[in-house]
Amino acid sequence: MLSSVMASPKGSRSQKMKLPIFTRKGTLEVPSPTEKDWSKDDEDDWVFKDPDQEQDSLPQPYRMINKMVNSLFDRSWEMIEARDTSKKAELRRTLPTIYHPLRESKLNTMPNCMDVSQDYVFIGGSKGFSIYNLHNAKQLYVWEKLKVDVISIWATDLGSEILIAPVDEMGIVRLFYFYKDGLYLIKAINELEDASKQTTCIKMEISKGGNFAALLLQGAGDIWLDVYKLPKESWIKEVQYPQLAVNTKKKIRQQLQLNTPDSVTADSLDTDMNISFRGDVKLSLPVQIMKIKPPKPITGTTFKSPLEAFAKIAGCRGLGSGQNHYIKASQWEKREAILRATYKKFLDGEWEPEPISMATFYFLLPSRVIPMPAGVKRSPGLACVLGVHWTDHHNFFFYSLNRTLKDKVDPEGVWPCAAPIVVSQLSPCSSYLVLACEDGVLSLWDLAQGLTLGVVALPEKCFCQSIHFLKYFLVHKGQNVYPEGSVKCHMKCVVLCTDASLHLVTASGIQNSTISLLVERPVKYLDEAICAVAPVQALPGMVLTFSRDGSVFLMDVAKSQIICSFALPRSYSLAAPWNPVFVVSLHHPCFLLRGDHPDEIGSASKAEDIPNSIFYFNFEDYPLLKNFSRNCTIPQASILAHPTFAQALPLEERCEKFFQKSIQNLAKYKVKEEEHWTRLRRYSLLLQKEDLKK
């Protein structure tokens with residue numbers, strides 16, 4: 001009886017035979033023609049009415065349990081679908097060919113930095129730096145005379161000699177001169193006897209050819225830029241003909257003490273070359289020629305009339321810096337009062353102290369766009385101007401290097417930009433300069449020709465993090481090649497943005513610049529975010545990308561395609577993937593990468609006990625990359641055969657080729673014309689003979 005009552009709802013039999021109906025809540029409306037605009041919540045918008053079940057709703061708490069179970073099933077199904085989509089995406093992703101290192105160099109100390117010059121590798125580590133042979137990875141010399149570690153190192157090729165500049169943890173930079181089998185200490189440039197007055201070197205640059213050096217120093221709450229002239233010609237003479245005579249026994253004993261530290265055995269040194277430290281030879285010291293401070297904040301004018309302001313910028317020096325103006329202090333105060341009154345709710349509260357302004361600087365070669373003082377001779381191939389810009393400033397300053405420390409430091413020229421400059425980069429050939437502003441706009445300059453190649457803008461919400469120049473290349477028959485000879489007014493560079501997206505910027509001639517996306521911003525796989533980029537000059541159009549998950553890829557920027565991947569041995573991992581320690585050789589088809597042993601880092605009691613290695617990758621030893629490195633140039637004849645490639649040649653060469661081709665065509669036309677007249681003469685002679693016979 002009870003079961004029959006629960007199974008039979010109230011109502012007559014005619015009500016039981018009614019079909020279930022759906023009734024929408026509220027007033028009826030015409031639905032949108034597109035399904036995506038329809039409401040997704042069916043439970044709230046629709047009421048299910050079934051005459052047979054309208055009185056059979058579950059009581060509490062079973063109704064709540066039913067909703068919880070349905071919600072659990074829905075969320076489980078969503079997770080299953082997400083995992084299935086992820087697996088399908090992983091299967092669709094093609095895994096590139098993986099190449100392993102050819103050599104491993106095990107080190108006794110942790111390498112903090114590396115640089116390559118000529119056939120040598122300079123590795124900065126604990127208490128000094130070491131020199132290795134690039135080709136056989138043999139250790140040639142170790143200089144360990146510091147109490148702290150070396151955190152950065154620069155090596156500049158001077159031709160037959162190398163200039164080495166390591167910077168330690170205290171910010172002291174030392175200048176070394178490496179010539180043949182001798183290593184000479186020139187000077188610890190910013191080392192002071194009074195530790196309270198010690199300055200810290202933040203950044204350093206050496207000019208191409210090694211004639212000048214610039215150091216960004218910080219101390220006592222101030223920051224400035226010191227510029228030195230290096231007596232390179234004197235060094236080579238002092239090394240070849242040393243003036244100081246030293247006892248032979250004392251010299252040998254000193255060399256043994258300095259050349260064979262405790263961490264290096266005689267067996268580890270290269271028998272073909274024995275480098276010795278020549279502490280007895282004193283070389284000429286660098287001469288300071290300039291001290292540049294950050295631009296002063298713009299304040300009220302001190303000029304009494306506009307004529308005084310114009311007289312201050314006589315000769316156009318400093319024009320555009322914003323310092324020599326005629327705006328009074330009262331006007332600045334009124335503008336500031338209006339600003340504070342308008343944005344009071346945003347300006348009230350605690351303000352963080354402004355960071356110290358940092359400088360980015362480059363040594364620039366003589367060009368048509370860089371102003372020079374009258375009467376100064378320009379030596380081709382030697383730096384003549386220092387280009388500087390400071391953080392949170394709009395201006396790019398030019399300072400002549402033809403001066404002494406007594407001269408007044410005023411810029412010879414100023415390039416004002418519409419927004420503060422955040423990133424800049426000079427090409428390795430010193431011919432092209434890119435300025436990236438805070439608003440995402442990039443200005444492309446051809447310094448050699450004195451032209452602006454164009455202005456490009458990054459996509460919205462993309463901000464420049466770093467710029468990397470590529471040697472200009474062309475795509476010929478599906479392969480990237482370098483054009484033979486010099487190329488003018490053509491440049492390519494890759495731009496890494498703060499959101500880990502990668503872009504290719506190309507400029508071909510005046511106002512013909514483009515930007516294209518190479519790698520999108522990672523949304524789902526955040527570990528694939530690119531942290532560092534390095535161009536590979538040995539392979540046209542190729543760059544190395546380092547990701548946050550420790551993967552290293554070789555990318556073809558012309559096709560936006562991954563060519564291969566480089567991986568360390570299984571027991572090793574990439575040290576600090578967000579800031580990897582690596583170096584790519586400019587003159588050899590190889591790169592070096594530091595790897596750590598993660599299993600032994602935690603168990604090691606001292607930093608010296610942690611195993612560290614430098615891995616050597618040679619592009620020419622991998623089958624897939626042999627053709628890229630060997631067939632990487634194309635002759636000019638092949639370039640001219642294609643109209644697109646012909647635009648890559650300089651204007652003078654294009655005009656010359658055009659005239660040569662015109663002359664050749666004219667000569668061919670004359671030959672054909674003579675042949676035509678010869679045939680006409682023969683035909684006329686035949687007609688005359690026929691007439692005579694008749």
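Student: What makes the approach of the Asn480 side chain to the side chain of Asp556 a polar contact?
Tutor: This is a predicted model, so every value is computed from it. The side chains of Asn480 and Asp556 come to 2.8 Å. The cut-off for such a pair of N or O atoms is within 3.5 Å, so the label polar contact applies.

Student: What does the side chain of Asn480 reach on the backbone?
Tutor: The backbone oxygen of Pro540, at 3.2 Å. Asn480 itself lies in strand E28, residues 479-483.

Student: Why is Asn480 called buried?
Tutor: Its relative accessible area is 3%. Buried means under 20%, so the label follows.

Student: Which side chain does Asn618 contact?
Tutor: That of Tyr616, through a polar contact of 3.3 Å. Asn618 lies in strand E39.

Student: Is Asn618 buried or exposed, and how do you know?
Tutor: Buried, because its relative accessible area is 13% and the limit is under 20%.

Student: Where does Thr342 lie, and what does its side chain reach?
Tutor: Thr342 lies in helix H8, residues 329-342. Its side chain reaches the backbone oxygen of Ile338 at 2.7 Å.

Student: Why is Thr342 called exposed?
Tutor: Its relative accessible area is 52%. Exposed means over 50%, so Thr342 qualifies.

Student: Now the rings. How many aromatic pairs are there?
Tutor: The count comes to 23 aromatic pairs. Phe396 and Trp415 form one of them, with 6.3 Å centre to centre and 35° between the planes.

Student: What makes that pair tilted?
Tutor: Two checks. The centres of Phe396 and Trp415 are 6.3 Å apart, and the limit is within 6.5 Å, so the rings pair. Stacked needs under 30 degrees and edge-to-face over 60, so tilted is the label left.

Student: Which parts of the chain does the pair link?
Tutor: Distant ones. Phe396 is in strand E20, residues 395-400, and Trp415 is in strand E21, residues 413-416. The two residues are 19 residues apart.

Student: Why do Phe396 and Trp415 count as buried?
Tutor: Phe396 has 0% relative accessibility. Trp415 has 14%. The limit is under 20%, so buried is the label for each.

Student: How do you know that Phe566 and Tyr622 form a tilted pair?
Tutor: Their centres lie 5.9 Å apart, with 55° between the planes.

Student: Which residues do ring pairs link into a cluster?
Tutor: Tyr99, Phe566, Phe591, Phe617, Phe619 and Tyr622.

Student: What makes Lys471 a charge over the ring of Tyr482?
Tutor: Lys471 lies over the ring face at 4.6 Å from the ring centre. The distance cut-off is within 6 Å, so that part of the test is passed. Lys492 lies over the face of Tyr472, at 5.3 Å from the ring centre.

Student: Why is Ser560 called partly exposed?
Tutor: Its relative accessible area is 33%.

Student: How do you know that the peptide bond from Gln60 to Pro61 is cis?
Tutor: Its omega is near 5°. Pro61 is in the loop between E2 and H4.

How values were computed: Residues are numbered from 1 along each chain as its sequence is written. This is a predicted model: local features need pLDDT of at least 70, side-chain atom pairs count only at pLDDT 80 or more; totals for chains, interfaces and linings use all residues. Side-chain values use heavy atoms; hydrogens and water are left out. Rings of Phe, Tyr and Trp (its six-membered ring) pair if their centres lie within 6.5 Å; planes under 30 degrees apart count as stacked, over 60 as edge-to-face and the rest as tilted. Helices (H or I, at least four residues) and strands (E, at least two) are DSSP runs, numbered from the N terminus. Buried means under 20% relative accessible area, exposed over 50%, partly exposed in between (1.4 Å probe, protein chains only). A charge sits over a ring if NZ of Lys or CZ of Arg is within 6 Å of the ring centre and within 35 degrees of the ring normal. A polar contact is a pair of N or O atoms within 3.5 Å; within protein, one must be able to donate a hydrogen and the other to accept it, and residues adjacent in sequence count only if both atoms are side-chain atoms.
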